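Q: Could you walk me through this model before I start looking at side chains?

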Amino acid sequence: AVRGARRRPLELGDCSEVELRLLARQHAFAGYSLFDGAGEVCVRHHCLDWNFAPGRVAPRTRPNKWRARPEPGAAVDHWLEEAFAADERGQAYYRELWRRLGPAAATNQ
């Protein structure tokens, strides 16, 4: 064991004050997503939305729109998510690579 190392908290009561403050600042949401007819643009409707952002409206006042781009030849549970909104150069405001952990899925062929 490493000297001074702490066990990973298993419940809220195990967390230090600093850990609780960090946890309270996490962004968490739940809801459902619907793809457009072409299957590329998705609208995520948040039913629950917690986003610690002082001075901002929460939950969101409009659905979150994004694009799903599967990796060519990749498994169906591996895709790139990009913001629908873009800057003046056409660059998406964010990109996230999603990949299921665990048993491999069938390829998207």
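What follows is a conversation about the fold, a few residues and the salt bridges.

Q: Before anything else, what kind of model is this, and how are residues numbered?
A: This is a predicted model, in which local features need pLDDT of at least 70 and side-chain atom pairs count only at pLDDT 80 or more, while totals for chains, interfaces and linings use all residues. Residues are numbered from 1 along each chain as its sequence is written, and side-chain values use heavy atoms, with hydrogens and water left out.

Q: How many helices and strands does the protein have?
A: The protein has one helix and five strands, and along the sequence they follow the pattern α-β-β-β-β-β. Helices (H or I, at least four residues) and strands (E, at least two) are DSSP runs, numbered from the N terminus.

Q: And how much of the protein is buried?
A: Of the 109 residues, 17% are buried, where buried means under 20% relative accessible area, exposed over 50% and partly exposed in between, with a 1.4 Å probe and protein chains only. The accessible surface comes to about 9100 Å², and 55% of that belongs to carbon and sulfur atoms; these areas come from the Shrake-Rupley method with a 1.4 Å probe, and for residues only the protein chains shown count as cover.

Q: Where is Arg44, and is it buried or exposed?
A: Arg44 is found in strand 2, and it counts as buried because its relative accessible area is 10%.

Q: OK, so what does Arg44 touch?
A: Leaving aside neighbours within four places in sequence, Arg44 is in contact (heavy atoms within 4.5 Å) with residues including Phe29, Tyr32, Trp66 and Glu81. With Glu81 there is a side-chain to side-chain polar contact at 3.3 Å; a polar contact is a pair of N or O atoms within 3.5 Å, where within protein one must be able to donate a hydrogen and the other to accept it, and residues adjacent in sequence count only if both atoms are side-chain atoms.

Q: Where does Pro63 sit?
A: Pro63 is in the loop between strand 2 (41-50) and strand 3 (64-70), and it is partly exposed because its relative accessibility is 41%. Not counting residues up to four places away in sequence, Pro63 touches Val43, Arg44 and His45. The C-alpha atoms of Pro63 and His45 are separated by 5.0 Å, although these residues are 18 apart along the chain.

Q: Switching to charges, how many salt bridges are there?
A: The count comes to five salt bridges, a salt bridge being a side-chain nitrogen of Lys or Arg within 4 Å of a carboxyl oxygen of Asp or Glu. One of them joins Arg21 and Glu17, with the closest N and O atoms 3.0 Å apart, and both residues lie in helix 1, four residues apart, about one turn of the helix. Arg21 is exposed at 53% relative accessibility, and Glu17 is exposed at 55%.

Q: What about Arg89, which partners does it have?
A: Arg89 meets Asp87 in a salt bridge at 3.2 Å, N to O, and forms another with Glu88, where the closest N and O atoms are 3.3 Å apart.
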